[in-house]
Amino acid sequence: MTRHLPRLLALFLTSATALLAPGAWAQEGPQTGLPRVEMTAGMHRIQAQVASTPQQRAIGLMHRREMPTNEGMLFVFEQPGTQCFWMKNTLLPLTAAFVADDGTVVNLADMKPQSLDSHCSAKPVRYVLEMHQGWFAKRGIQAGQRLRAPFFDGNR
């Protein structure tokens, strides 16, 4: 059972949220009703909204004018791959943490608002956590360190 937890979590989140956003592709404002998960980075708590469907991932944090300090968005993909992000229609400066299945931060990328510059994972990952730009740096969190959440392979 625990071996399949990441897949079950993704399936549950996909099923539960698909009904919440039928018009997500055409959404003009921020998406704020996504499921949330609590994560930790060392002693720091993170409240992350979970974007697990293609529509939710496509919208991400677009159109957001504000976001609480310890809040972010976790993008969950069905399988590891080279994940690339840009900031079209995203108003907040963000840092993306590209995260391996065991919760290890593979690399970090600072991203400028409303930019089409592409920022990619240094190796295939299934998770990407976006936080306010500088959030990780201010807390001394770097590539190689591990985030904690119930669904990361190394956190069971």
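Let us begin with Met73, which is buried, at a relative accessible area of 0%; buried here means under 20% relative accessible area, with a 1.4 Å probe and protein chains only. The model is a predicted one, in which local features need pLDDT of at least 70, side-chain atom pairs count only at pLDDT 80 or more, and totals for chains, interfaces and linings use all residues. Residues are numbered from 1 along each chain as its sequence is written, and side-chain values use heavy atoms, with hydrogens and water left out.

Met73 belongs to strand β3, residues 71–81; strands are DSSP runs of E with at least two residues, helices are runs of H or I with at least four, and both are numbered from the N terminus. Which residues surround Met73 in space? Beyond its neighbours within four places in sequence, Met73 is in contact with Gln31, Leu34, Gln49, Ala51, Gly60, Leu61, Val128, Leu129 and Glu130, contact meaning heavy atoms within 4.5 Å. Ala48 lies 25 residues from Met73 in sequence, yet their C-alpha atoms are 4.8 Å apart.

I turn now to the sheet. Seven strands form an open, mixed sheet in the order β6-β5-β8-β3-β2-β1-β9. Its edge strands, each pairing on one side only, are β6 (105–111) and β9 (147–148); two strands pair if DSSP finds at least two bridges between them.

β2 and β3 run parallel and are joined by five bridges, with Gln47 opposite Glu71 in β3. Strands β1 (residues 36–41) and β2 (residues 44–51) run antiparallel, joined by six bridges, and Thr40 stands opposite Arg45 in β2. The hairpin of β1 and β2 has two residues between the strands, and Gly42 there takes a positive phi near 65°. Six bridges also connect β5 (residues 94–99) with β8 (residues 125–132), again in antiparallel fashion; Ala97 faces Leu129 of β8 in this pairing.

Finally, the largest pocket holds about 180 Å³ of space. A pocket is an open set of points on a 1 Å grid over the protein atoms alone, where a 1.4 Å probe fits, with protein on both sides within 12 Å along at least five of seven lines; lining residues have an atom within 4 Å of a point. The volume is the space filled by probe spheres set on the points, which are joined across faces, edges and corners. Of its 15 lining residues, Arg57, Ala58, Phe75, Phe85 and Trp86 are the closest to the centre. Elements giving two or more residues to this lining are α2 (54–59), β3 and β4 (84–85), and α2 gives the most, with three.

How values were computed
Buried < 20%, exposed > 50% of the residue type's maximum accessible area, 1.4 Å probe, protein only.
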